[in-house]
Amino acid sequence: MKFCSDCGHAVDQLIPPGDHLPRAVCPSCGTVHYRNPKVVSGCVPIWEGKVLMCRRNIEPRLGLWTFPAGFLEMDETSAQGAARETLEESQAEVDITGLLAVINVPYVSQIYMIYHGTMRSPHHGVTPESSETRLMSEEEIPWDDIAFPTIWHGLKFFFENRAKGVQDIHTLDLMTRYGRRPEVTTGSKD
């Protein structure tokens, strides 16, 4: 950040009194500008036991598969964001039924909040963000073509819960970048 978003004055990079990290501080109006992680909210939508998956029609990871997820907007809860992203990316309306996982991704300054969702009807379809949408069984998931490690782990957590007949909440810290096929790791359960 070079200029204050409150008054437009050039900012200085300094450690404000009582803080421990350098921040963008406006010498004119005194505003301290903080950079914080982005929250990504997503949903594993289910219809008759199958997961709704979307083939990405946008970068990054164009052409790879994901469940609906995206950045949280102002003035919405993470559950509302998950439902909105599902509608935007797949045309599917869902009822959010509980939290599945919280995945911290500090190397890109993101926090993923992944929810369980029940589709209100079998309707789904392509959108500007998704070139294809498809209901898939666990065996049909294209594991080698999953767009992001967070999605890969979210799906693994979902199917693990389903196999056990539980709705555990998983947590995971992804500390390093993976390729498209992350190794299996264990998240802690709350």
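Visitor: What makes the span of helix H1 agree with its number of residues?

Guide: The expected span is 1.5 Å times one less than the number of residues. Helix H1 (residues 78-90) has 13 residues, so the span should be 18 Å. Its end C-alpha atoms are 18 Å apart, so the two values agree. Helices here are DSSP runs of H or I with at least four residues, strands are E runs of at least two, and both are numbered from the N terminus. This is a predicted model: local features need pLDDT of at least 70, side-chain atom pairs count only at pLDDT 80 or more, and totals for chains, interfaces and linings use all residues. Residues are numbered from 1 along each chain as its sequence is written, and side-chain values use heavy atoms, leaving out hydrogens and water.

Visitor: Which residues of H1 are buried?

Guide: Among them are Gly 81, Ala 82, Glu 85 and Glu 89. The cover over the buried residues of H1 includes strand S4 (38-47), strand S5 (50-56) and strand S8 (94-105). After H1 comes Gln 91, with a positive phi near 65°.

Visitor: Why does His 33 count as buried?

Guide: Buried means under 20% relative accessible area, exposed means over 50%, and partly exposed lies in between (1.4 Å probe, protein chains only). His 33 has 11% relative accessibility, so His 33 counts as buried.

Visitor: What does His 33 touch?

Guide: Contact means heavy atoms within 4.5 Å. Leaving aside residues up to four places away in sequence, His 33 touches residues including Met 1, Cys 4, Val 11 and Arg 23. His 33 itself sits in strand S3.

Visitor: What about Cys 43 and Cys 54?

Guide: Their sulfurs are 10 Å apart, so they are too far for a bond. Cys 43 is buried, because its relative accessible area is 0%. The structure holds zero disulfides.

Terms used: Disulfide = S-S within 2.5 Å.
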